[in-house]
Number of protein chains: 2
Amino acid sequence: MRFTHLSSAANPRFKYAKSLRNRRNRRKQQQILLEGERLIADSISAGFSPALFFFTPDAEQRHAPLLEQAASTGAQLLRVTPELFAQISDTISPQGVIAISAIPQIPPGNRGLALIVDGVRDPGNLGTLLRSAAAADADQVILMPGVTDPWSPKALRAGMGAHFRIAIRTAKTAEEARLWLPEHAIYFADARADLAYTAVNWTRPSALILGGETERASIIDHWQEATSIAIPMARGVESLNVAVAGSVILFEAARQRA
Amino acid sequence: MRFTHLSSAANPRFKYAKSLRNRRNRRKQQQILLEGERLIADSISAGFSPALFFFTPDAEQRHAPLLEQAASTGAQLLRVTPELFAQISDTISPQGVIAISAIPQIPPGNRGLALIVDGVRDPGNLGTLLRSAAAADADQVILMPGVTDPWSPKALRAGMGAHFRIAIRTAKTAEEARLWLPEHAIYFADARADLAYTAVNWTRPSALILGGETERASIIDHWQEATSIAIPMARGVESLNVAVAGSVILFEAARQRA
């Protein structure tokens, strides 16, 4: 297996990898860092070939099949020192493998179930929501301005490969998102609503807005046709974790559609 | 309002608070640290009065009503320097209020819905599960050996007050837990099962085992009567976040029981 050994932080490919730790650079280049065997293998099996593949001397044996696979799909293999690797890694105990891939462009499906995320700032929660949306057979996830970057290392880790299985789009305004959902009834998860999420007919084309930390008033203002729905809760519990609330509603939709 | 000012790390009450950052000490003393206005207010409104209440000079004005409330339920108020406070705080930007309370002893209800947690090591996931279990009107949460401490600052934070609303018990063995659930049908959430969670009759007394990181074989070995159930998932998604999986099933139970 042919590879190049890099030991200088001044190497342009290493500097490029490092630059992708920054959200703005990811957006500009439309490329991302995938860390760890699971995420890289998931992306390759979903048909997204890495452009560059960094590994530590340690990982050369341990992840040999993955290296072979990456090389066979056209990735340049780059062996780097553990010190350099630590500069592009996002984990405390790295596995020693990081790939650079293009941001997947997955077309939305036509099953009429969309998730709209507004105001979620925690990358773990966003990744978990993407994982649940893919599992519940939603068509697409639309992110409103201010939502944490879905392509950050933490969001990718929490997504467990969902990023390669479901369309993820960013909308500038509610109007733009509305154009993508011409036939959909719009629901807004709001703990104070009277209508239970189980009373909704989810077999019709539907979109669910999750507000996260966004002001309720701002959502209601921007999505005037949205119907507020709640998950009935016991014992004075005021709210659920946003990833939990979204998942519970999406799987109720999946249950009705099954 | 009367309070004592502490500025020495050698003060016995301060040292006691610091010792409660350790799980073993919490278990021995059966007392815990509650940090932040929300958690302290929740515990007081659920009827659990703090014994000690630490606050920074900054917080004296900002959280005056909470201080009054704590004092009126019998808490000793202790003003500490920001430097000392940082030593007992678990957050990067502390609100400046920490209470010491007894671990709540809440008797299990008799609605016949229990959650059994085995092998969850992430405190955020455990706290989220407690929050969902309380919201879905479960009776009790039983923790098996090896589960992360529910009374750690991170688990308390993710629980958002659920710790004061639902019985939390620790079982030494599956046999012991079984004695607490004499009439319950036992289900085990297992992504590889054939039976869908929606096909279960949750209106009967039921208990759900969440395996987290525990080996599947070990669960099946210890809970021989357990019926494996799965959440059907689309697009090659292999699993859900453990807190999400538990919540989706608990809210299906709540839906059927409504």
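This is a predicted model: local features need pLDDT of at least 70, side-chain atom pairs count only at pLDDT 80 or more; totals for chains, interfaces and linings use all residues.
Biologist: How many helices and strands does chain A have, and what is its radius of gyration?

Modeller: Chain A has 11 helices and 11 strands. The globule rule gives 18 Å for 258 residues, and the value for chain A is close to that, so the chain is as compact as a globular protein of that length. The radius of gyration of chain A is 20 Å.

Biologist: What percentage of the residues in chain A is buried?

Modeller: Along its principal axes, the C-alpha trace of chain A spans about 60 × 35 × 35 Å. Of the contacts in chain A with a separation of 6 or more, 80% are between residues 24 or more positions apart. Of the 258 residues in chain A, the buried share is 49%.

Biologist: Where do the domains of chain A lie, and what distance separates their centres?

Modeller: The domain assignment of chain A places domain 1 at residues 4-102 and domain 2 at residues 113-257. Taken over C-alpha atoms, the distance between the centres of these two domains of chain A is 31 Å.

Biologist: Which element of chain A gives the most to the side of domain 1 that touches domain 2?

Modeller: The contact between the domains takes 12 residues from domain 1 of chain A and 8 residues from domain 2 of chain A. On the domain 1 side, helix 2 (23-29), strand 2 (31-35) and helix 3 (37-45) of chain A each supply at least two residues, and by class that side has 6 nonpolar, 1 polar and 5 charged residues. The element that gives the most, with 4 residues, is strand 2 of chain A.

Biologist: How many residues does the largest nonpolar core have?

Modeller: In soluble globular proteins, nonpolar side chains tend to be buried together. Here the residues with the most contacts inside the largest nonpolar core are Leu115(A), Val117(A), Ile209(A), Leu115(B), Val117(B) and Ile209(B). Leu115(B) touches residues including Leu129(B), Val141(B), Leu208(B) and Leu250(B), not counting residues up to four places away in sequence. The size of this largest nonpolar core is 172 residues.

Note on methods: Residues are numbered from 1 along each chain as its sequence is written. Chains are lettered from A and ligands numbered from 1 in the order in which they are written. A nonpolar core is a set of buried Ala, Val, Leu, Ile, Met, Phe, Trp, Tyr and Cys residues joined through C-beta atoms within 7 Å. A residue is buried if 20 or more other C-beta atoms lie within 10 Å of its own, exposed if 12 or fewer, and partly exposed in between; C-beta atoms are placed from the backbone. Two residues are in contact if their C-beta atoms, placed from the backbone, lie within 7 Å. The radius of gyration is taken over C-alpha atoms; the globule rule is 2.2 Å times the number of residues to the power 0.38. Domain bounds come from an automatic or database domain assignment. Ala, Val, Leu, Ile, Met, Phe, Trp, Tyr, Cys and Pro count as nonpolar, Asp, Glu, Lys and Arg as charged, and the others, Gly among them, as polar.
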